[in-house]
Amino acid sequence: MIAREVENAQPGRPPVTVSDGAIAAPAVATYDLAVVGGGLAGLTSAVRACELGLRAIVLEQGDGPQYPCNSRQSGGILHIAFHDPYREPAELTDLMARVTGGQARPDIATALANNAARFIGWLRDQDVRLMRFDPREMYRWGMAPPRALKGGIDWAGRGPDRALAQLVERLLHLGGVLQLRSRATDLIIENGRCVGVRGELDGMETSWRASACLIADGGFQSDRALFETHIAPDFNAVFQRGARTGRGDGLKMALAAGAALTDTNRFYGHLLCADARSNDDLWPFPQLDALATTGIVVNGYGMRVADEGRTGVFLTNALASVPADPGLFVIFDHAIWEGPGKSDRVGPNPWVEKGGGTIYRADTLSELAVLIGVPAEAFMETVGTYNHAMASGTLAQLPIARSEKIQPFAISQAPYMAIRAIPGITYTMGGIAIDDHAQVLRSDATPIPGLFAAGAATGGLEGGSDAGYIGGLIKAGTFGLLAAERLAALMGKPMISNIEETRSAMHNMSAPASPANTAEPQGLARFPTLRATLRHGRTAAFAAAVLGFGATLLITWQPLGPLSLILAAALGAMLCFAILCFTELVRLITELLMPD
């Protein structure tokens, strides 16, 4: 097949190799692996397959080097339920069980817990730059550079965008193919085995033969029919806060091939200012979760409509099924605005107003009711009943019980505030059933030969009655890796196929505390001056204090006498404090920039 290069939109980006022409595939397999979808799951699987000696093609419906997908437009954080994937696997498995109310499939959760850290190490071996840009645990492994601390669309040139570009470059270097403008429509099933994909290339029907296929085209959040069948009754009641490319094509193909589905009624998303519908500075951030889960949410009749006290993701799911016509309003006060309102990296305070969103403020609840257009009497009764229940410890006895997983605040400190809200959906949590090797399962739990799936197209891990959020990127990448390795094993390929893989295996055996086995210096070993500062900063501070004290005393004793003791002590203390502050500053910077 003829290959050509598509010029990059930005300097420094790798060229994207695609195939030209709708050439019918031969009867024999042209590829070992055909991947549907060029997000993190698909590219990871294709690159890993090529590393293991397989021939891989990625079929991506988008065009250009920055084709849209949720992975590219994400925040770039690699976490498991907001925890470090390098924690002990048993601890991570227990965590996932708790977050999902025990509904995460144990085999899927165990596979993620056992391999997530290895996936992070593998990414680092692909020269994907990772950094820690917040001291909280969930931010330990972030794709660099991070989003700017502002609201609005800010993904171009950021960590995930660069990570995908790096994986594309790696794929092409290893001989793989990225086929842009190709939309898969059907799986080719022969004698019960998946042996390729049919679809369209530049609007022309074509097919790609392969020994196996991986479905990695994301969820079905952007398909009206699937959304209204599985998630909520009104597609227009939610806002698409992702790339809007997840139409469930892979799910439909898998169903037609006999695949089973997991529960499909939950999604990952956040509550947004409703002005996001017409203002790109208000999505995907800031999100209103911190305000809503510490305050309350009312509809256009002034009544509470959901349990606000569990998680923002749970609340967003619940509100997606609430009729949108009367409107939804997050109600909070000055204390919430100045506290939880500033807790996120891109918090609603101040980024809702900076982005042009409307915040209603009033000195009394009755005035606020008039501003937002809800019945004042019903609204004041709702807030009063909520405040009383909170004071008396009876939140669970409210007509709509209020959980306290997230600490509630009383709404009692003027000014009282409200923001019109809309549920924002990023990706669906349920989907194709897979096993712990990412093999697609039938309803009898047996795998469909030659068919794999990874990422948001799959289910079994996230969701459940608690809408438990585990982490989209870490799930996508880890199971993309596992799918390629399972296929290689089934085809008799050695798991370590070259020098680079040997290096990767050594590097990933444990947490990144032992990079000394690699060929090049890692972490602080590359910066001896910084390392010396961190190791000996305290000693240097106290030594400087002693030397400063002594020198000052020698110089000033003759003219000042006993007063020189005070001056020497002050200067010595200042020297010690200054060096200690410098050492702590260096420590903070290195911990944020170099997680290991």
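Predicted model: local features only at pLDDT ≥ 70, side-chain atom pairs only at ≥ 80, totals over all residues.
The chain as a whole contains 16 helices and 18 strands, and 56% of its 596 residues are buried.

- V197 touches several residues of the chain beyond its sequence neighbours, including A184, D186, L187 and I188.
- Further contacts of V197 include A34, V36 and L59, as well as T206, S207, W208 and C213.

**Nonpolar cores**

- In soluble globular proteins, nonpolar side chains tend to be buried together.
- The largest nonpolar core comprises 90 residues.
- V197 is among the residues with the most contacts inside this core, together with L78, M96, L112 and F479.
- Helix α3, residues 106-125, supplies the largest share of this core, with 11 residues.
- Another core lies apart from the largest one and has 27 residues, among them A292, L319, L328 and V352.

**Aromatic pairs and cluster**

- The structure holds 9 aromatic pairs.
- One of them is formed by Y86 and W141, a tilted pair with 5.2 Å centre to centre and 45 degrees between the planes.
- This pair links distant parts of the chain, as Y86 and W141 are 55 residues apart.
- Y86 belongs to the loop between β4 (56-59) and α2 (89-99), whereas W141 belongs to the loop between β5 (130-131) and β6 (142-143).
- Both Y86 and W141 are buried.
- One aromatic cluster is formed by F82, Y268, Y427 and Y469.

**Charges over aromatic rings**

- The charged end of R310 sits over the ring of F314, at 3.9 Å from the centre of that ring.
- K354 lies over the face of W351, 4.7 Å from the ring centre.

- Among contacts in the chain with a separation of 6 or more, 71% involve residues 24 or more positions apart.
- The accessible surface of the chain comes to about 24,600 Å².
- Carbon and sulfur atoms account for 57% of that accessible surface.

Notes. Residues numbered from 1 in each chain as written. Heavy atoms only, no water. Core = buried A, V, L, I, M, F, W, Y, C linked by side-chain atoms within 4.5 Å. Buried < 20%, exposed > 50% of the residue type's maximum accessible area, 1.4 Å probe, protein only. Helix = DSSP H or I, 4+ residues; strand = E, 2+ residues; numbered from the N terminus. Contact = heavy atoms within 4.5 Å. Areas by Shrake-Rupley, 256 points an atom, 1.4 Å probe, with all protein chains shown as cover. Phe/Tyr/Trp six-rings, centres within 6.5 Å; stacked < 30°, edge-to-face > 60°. Lys NZ or Arg CZ within 6 Å of the ring centre and 35° of its normal. Lists of a residue's contacts leave out its neighbours within four places in sequence.
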